[in-house]
Amino acid sequence: MANQDVHSPHRTTTLMQRFSVPFEFPVSFTENLFDPENPTLVDALCRLEAKKTHRAVIFLDDGLARTLPRLVDDIKAYAAHHKQYFDLVSNPVLIPGGEKIKSDLHFVEQMQQTLYDNRIDRHSYAIAIGGGAVLDAVGLVAATTHRGVRHIRIPTTVLSQNDSGVGVKNGVNFYGAKNYVGTFAPPFAVLNDIAFIQHLEDRDKISGLAEAVKVSLIRNREFFHWLEQNADRLATFEKTAMAQMIRQCAELHMHQIGHCGDPFETGSARPLDSAHKLEIMTRYHLRHGEAVAIGIALDCRYSVLCGLLDAGEEDRICFLLEFLGFKLWHSAIEAVNRDGQLEVLNGLCDFREHLGGELTITLLSGIGTGVEVNEMDNDLVRQSISWLKSRQET
Ligand SMILES: NC(=O)c1ccc[n+]([C@@H]2O[C@H](COP(=O)([O-])OP(=O)(O)OC[C@H]3O[C@@H](n4cnc5c(N)ncnc54)[C@H](O)[C@@H]3O)[C@@H](O)[C@H]2O)c1
C-alpha cells in the first residue's frame with residue numbers, strides 16, 4: 001500500500017511503496033544430527049507445517065563425504081526413520097567441496113537441474129551439508145530457484161559454524177571476482193553439529209578461529225579476553241572450548257545481523273581485514289581464515305601507526321593469533337602491480353566496487369572497539385607490512 005504521496009513541480013506524482021518483511025530462522029547447536037533419535041533436523045523441517053511429509057534434496061560436500069564414508073548411509077537411515085515427515089526424494093547429491101564449487105556457474109546450473117528434476121517447490125527443501133563454500137553455492141541455488149525454495153544449512157567447518165553459516169549471504173565467484181554472483185537470502189534454518197568439526201584437518205580448524213578473533217576485536221572485549229584465557233584449550237581443539245567459541249561467535253554475528261540495522265549490508269564498511277584479497281592473490285593457497293588473520297595483524301599495526309590504538313596492543317593480538325596456530329606472513333602481501341602499487345591496496349578498491357559507496361574500513365581504537373575510516377595511507381600500509389615481515393624474521 002502506498003503510504004506517502006510526493007508532488008514535484010514537474011507534475012510528477014510519485015507513490016512511495018514501503019513495507020518490511022520480518023525474517024526469522026532458528027540456529028540450533030547439537031551433536032550427532034543424523035542419529036535417528038536426534039529430532040533437530042526433523043523439527044526444523046516441520047517448524048511451519050507440523051503434520052505433513054516434507055520433500056527435500058540434500059547437497060553434500062564431497063570432501064566431507066570422503067572423510068566420513070558412512071555419512072550418506074546415516075543420512076538415508078535418518079530419513080527412513082522419520083519418513084512420516086521427511087521425504088528424501090533422491091540420494092544425497094555429492095558436489096565438490098571448497099572453492100571449486102564456487103568457481104564455475106556450471107555447478108549452479110547442475111544443482112538447479114537437480115531441483116527441477118525432483119520437483120522441488122517453494123514448500124520443499126534444498127539442504128546443504130558442508131563447508132562455507134558449499135553453503136554459499138547451494139544458498140544461491142536455493143534463493144534463485146522458483147525465486148526461493150526453503151534452504152536449510154548444515155555447516156561442517158569451524159568458519160561456517162561460527163560465521164558464514166549463520167549469516168544471510170550466498171554467492172559464487174565470477175569474472176575472477178569473489179562472490180560476484182550472489183544474493184542476500186536468510187536460510188530457513190541453520191543446524192550446527194559440533195561432531196563434524198572433529199574430522200577437519202588441523203589447518204581448517206585453526207583457520208576458522210580467525211573469525212572469532214576478528215569479531216571479538218571489533219565488537220566484544222570480553223570475548224577477546226575469553227579467547228586469551230582459553231587459548232591453550234582452543235590451540236589443542238578441545239571440544240567444549242571449540243563449542244563455546246563457535247556458539248559465542250555465532251551469537252555475536254546473529255546480533256550484528258539482527259539488531260544493528262543493516263542486515264543486507266547497504267552500508268559499505270569492511271571489517272578489519274584490509275588484506276582480504278590475499279586469499280585470491282595466492283590462488284587459494286591461503287585459506288580464507290589464514291588470509292583474514294594476516295589482514296587482522298596488518299590492520300592492528302596500522303591502527304597503532306595512525307594513532308588509533310595503543311602501542312603494544314597489536315603485539316598482544318598477534319601473539320594470540322600465533323599461539324592459536326596462525327602464521328602472520330605470506331610473501332604475496334608485498335606484491336606490487338606494474339605501477340608499483342601494492343596489490344593488497346588494489347584489493348580495497350575492488351572491495352569498494354563490490355560494496356558500492358565510499359571505501360570504509362573498520363580499524364581499532366581499542367580491543368573490542370571498531371572505528372570506521374574512509375582511506376588508508378599507503379606509506380603506513382607499507383610500514384605495517386615491513387613490521388609484519390620483521391616479526392617473522394626475529
Ligand atoms: N556467506 C558468507 O557470509 C561468508 C562469510 C565468510 C566466508 N564465506 C566463504 O566461505 C568459504 C570458506 O569456507 P570454509 O572455511 O568453511 O571452507 P571450505 O568450504 O572451503 O571447505 C574447506 C575444505 O574442508 C572440507 N570439509 C568440509 N567439512 C569438513 C569436515 N567436517 N571434515 C573434513 N573436511 C571437511 C571441504 O570439502 C573443503 O575441502 C569461502 O568461499 C568464503 O568466501 C562466506
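This report describes a predicted model of a protein, from its overall build to a few single residues.

## Overall build

The protein, which is seen here as a predicted model, contains 16 helices and 14 strands. Its radius of gyration is 22 Å, close to the 21 Å that the globule rule gives for 394 residues, so the protein is as compact as a globular protein of that length. Taken along the principal axes, the box that its C-alpha atoms fill is roughly 70 × 65 × 40 Å.

Of the 394 residues, 41% count as buried. When contacts with a separation of 6 or more are considered, 75% of them are accounted for by residues 24 or more positions apart.

The domain assignment divides the protein into domain 1, covering residues 27-200, and domain 2, covering residues 203-393. The C-alpha centres of domain 1 and domain 2 lie 28 Å apart, and across the boundary 20 residues of domain 1 are in contact with 25 residues of domain 2.

On the side of domain 1 that touches domain 2, the elements giving two or more residues are β3 (27-30), α6, β10 (177-181) and α7 (194-197). The largest share of that side comes from α6, which gives four residues. Sorted by class, the side of domain 1 that touches domain 2 has 11 nonpolar, six polar and three charged residues.

## The surroundings of the ligand

The ligand is surrounded by 28 residues, of which G63, G97, G131, G132 and S164 are the closest. Two or more residues of this shell are given by each of α2 (62-67), α5 (132-144), α6 (158-162) and α8 (202-219). Helix α5 gives the most to the shell around the ligand, with four residues.

In terms of class, the shell around the ligand divides into six nonpolar, 15 polar and seven charged residues. Both parts of the domain assignment take part in the shell, since at least three of its residues are drawn from each of domain 1 (27-200) and domain 2 (203-393).

## Helix α13

Helix α13 covers residues 288-305, and at 1.5 Å a residue its 18 residues should span 26 Å, which agrees with the 26 Å that separate its end C-alpha atoms. The helix is mostly covered, with 17 of its 18 residues buried.

The backbone on either side of this helix holds a positive phi angle. Just after α13, G307 takes a positive phi of about 85°, while Y284, which is not a glycine, has a positive phi of about 65°. Y284 lies in the loop between α12 (278-281) and α13, and with 15 other C-beta atoms within 10 Å Y284 is partly exposed.

M242 has its place in helix α11, which runs over residues 239-259. Because M242 has 24 C-beta neighbours inside 10 Å, it counts as buried, the cut-off for a buried residue being 20 or more such atoms.

Leaving aside residues up to four places away in sequence, M242 touches I194, I197, L234 and F237.

## Two exposed loop residues

R147 lies in the loop between α5 and β8 (150-155). Although R147 is not a glycine, it has a positive phi of about 60°. R147 has 7 other C-beta atoms within 10 Å, and is therefore exposed.

F23 is found in the loop between β2 (13-17) and β3. With 12 other C-beta atoms within 10 Å, F23 is exposed, as the cut-off for an exposed residue is 12 or fewer. F23 and A185 are 162 residues apart along the chain, and the C-alpha atoms of F23 and A185 are separated by 9.8 Å.

Note on methods: Residues numbered from 1 in each chain as written. Predicted model: local features only at pLDDT ≥ 70, side-chain atom pairs only at ≥ 80, totals over all residues. Rg over C-alpha atoms; globule rule 2.2 N^0.38 Å. Contact = placed C-beta atoms within 7 Å. Expected span 1.5 Å × (residues − 1). Near = placed C-beta within 6 Å. Nonpolar A, V, L, I, M, F, W, Y, C, P; charged D, E, K, R; others polar. Domains from an automatic or database assignment.
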